[in-house]
Amino acid sequence: MFASLPVPTGPFEIPEAPPGSEGIRFSLIVPTYKESGNVRAIVGQLTQLLDSQIPNDYELIVVDDDSPDRTWKVALEVANEYPQLRVMRRQTERGLSTAVIRGWQAARGEILGVIDADLQHPPDVLLKLYSEIQRGADLAIASRHVEEGGVSDWSLVRRFLSRGAQLLGLILVPGVVGRVSDPMSGYFLVRRDAIAGKRLDPVGYKILLEVIGRGNIRWIGEVGYVFQERTEGESKVTWKQYIEYLQHLVRLRFARWPMARFLRFGIVGFSGVFIDMGVLYILREFALLGLTRSAAISAELAILNNFLWNDIWTFGDLSRQQKKFSQRVKRFLKFNLICLAGLCLKLLLLNFLFNVVGLDEYLGNFLAIAAVTFWNFWVNLKLNWRVTQVK
Ligand SMILES: Nc1nc2c(ncn2[C@@H]2O[C@H](COP(=O)(O)OP(=O)(O)OP(=O)(O)O)[C@@H](O)[C@H]2O)c(=O)[nH]1
Ligand SMILES: [Mg+2]
């Protein structure tokens, strides 16, 4: 019997060139956990299919997490009959996404892929995915939400959860989730060079999000498929996967969040508080102006202060590219508008948190300020200090 493949260690990073002497065209990972009843069938079907198209130029890698039903052992037996099959048995790590990456790290292919072991992903779709990559796609995804796609017999609750998760993803990381119709798909192929050398940081089940979020993916192809019912073994999806999914979205959000810039923006905002308070004090104590007038003047001066620092420092690299006086004035006016909208948003939010949620008013105020800071920053980055290419 063959020995199992050594498990790669260290960071989750795919090497630029395949390990060992010779590369091949295609490596397909089949992650398994308690799939002893499926592994023979899936390997048989995949081999038949790939032998007809790219004989001797592919490999299948079963990555099993030391399943108690000894899936790895069954897979090793099957490997005696199928020379293209290699088996990796992981005994220290666990989890679907990391299993796929460990498999890819050991893979020799130029094109890397993943398919479920439980026959829910119809094998024949693989050739369509493969031809998408041949046509030039960096990533080819089997999708339930394009033509010819669907789910066979899902309950209303499961459909709802699946779509809800997608919507949440769209809100948190539109630049990742919004690029594809089925971001939850676990059936796809990707070019090695699109993800090689990138540090992947997977949590949970959704390895595709990681590939789109951190890879260098320009062209994405999608192929419809119908998610089949399981006939052997059982699902491993529990509430834990939903929590991990959330955690993953937040990580991806911050991976793309311009942290240094945001910190500068926060510091500038903080300085504005002192200007606002200081000027208010001076106007009230020494100029003896009315409260409303004093507060309006101090707020506007704080806005001016924040604008100048943001223009010079926070977004300095961007404003230097458009430094005409008229351009600065325009930015200042826009900044005012965004601050005003932020103020309205803050009042709405505070009212909601206090009157509807029932939070303490100071806690509510603090949370509203935090939320509006994120909002202000993002809108300013996207709409105000953005460099437009149009001349
Ligand atoms: N190596 C490894 N494989 C896993 C792990 N969890 C799930 N898998 C495999 O990943 C694939 C997808 O898991 P499933 O539990 O079928 O998830 P699903 O297809 O999204 O959900 P169902 O429709 O409920 O089956 C299967 O081939 C599983 O055996 C894991 O922790 N480690
Ligand atoms: Mg499944």
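Let me start with ligand 1. It is surrounded by 20 residues, and the closest are Pro-31, Ala-99, Ala-117, Ser-235 and Lys-236. A residue counts as near a molecule or strand if its C-beta atom, placed from the backbone, lies within 6 Å of it. This is a predicted model: local features need pLDDT of at least 70, side-chain atom pairs count only at pLDDT 80 or more, and totals for chains, interfaces and linings use all residues. Residues are numbered from 1 along each chain as its sequence is written, while chains are lettered from A and ligands numbered from 1 in the order in which they are written.

By type, the shell around ligand 1 holds seven nonpolar, five polar and eight charged residues. Here Ala, Val, Leu, Ile, Met, Phe, Trp, Tyr, Cys and Pro are nonpolar, Asp, Glu, Lys and Arg are charged, and the others, Gly among them, are polar. Strand E1 (24-32), strand E2 (58-64) and helix H3 (96-106) each give the shell at least two residues. Helices (H or I, at least four residues) and strands (E, at least two) are DSSP runs, numbered from the N terminus.

Now E2. Seven of its seven residues are buried, meaning that 20 or more other C-beta atoms lie within 10 Å of a residue's own; 12 or fewer is exposed, in between is partly exposed, and C-beta atoms are placed from the backbone. Which residues point which way? Tyr-58, Leu-60, Val-62 and Asp-64 point one way from E2, and Glu-59, Ile-61 and Val-63 the other. In a regular strand the side chains alternate between the two faces of the sheet. E2 pairs with E1 in the parallel sense over seven bridges, where pairing takes at least two bridges found by DSSP. Within E2, Leu-60 is the bridge partner of Leu-28.

Asn-56 is in the loop between helix H1 (39-53) and E2, and its phi is positive, near 60 degrees. Arg-70 is in the loop between E2 and helix H2 (71-81), also with a positive phi, of about 60 degrees. Most residues other than glycine have a negative phi. How covered are they? Asn-56 is exposed because 11 other C-beta atoms lie within 10 Å; Arg-70 has 15 and is therefore partly exposed.

On to the whole chain. It has 14 helices and nine strands, and is divided into domain 1 (24-256) and domain 2 (259-384), with bounds from an automatic or database domain assignment. The domain centres, taken over C-alpha atoms, are 45 Å apart. The radius of gyration is 27 Å, whereas a compact globule of 391 residues would be near 21 Å; that is taken over C-alpha atoms, with a globule rule of 2.2 Å times the number of residues to the power 0.38. Buried residues make up 37% of the 391.

Last, two helices. The buried residues of helix H11 (residues 291-314) include Ser-298, Ala-302 and Phe-307, and their cover includes helix H10 (259-285), helix H12 (316-319) and helix H13 (325-357). Asn-376 lies in helix H14 (residues 361-384) and counts as buried because it has 22 C-beta neighbours inside 10 Å. Leaving out residues up to four places away in sequence, Asn-376 touches Ile-338, Cys-339 and Gly-342, contact being C-beta atoms, placed from the backbone, within 7 Å. Phe-335 is 41 residues from Asn-376 in sequence and 9.1 Å away in space, C-alpha to C-alpha.

Conventions:
Contact = placed C-beta atoms within 7 Å.
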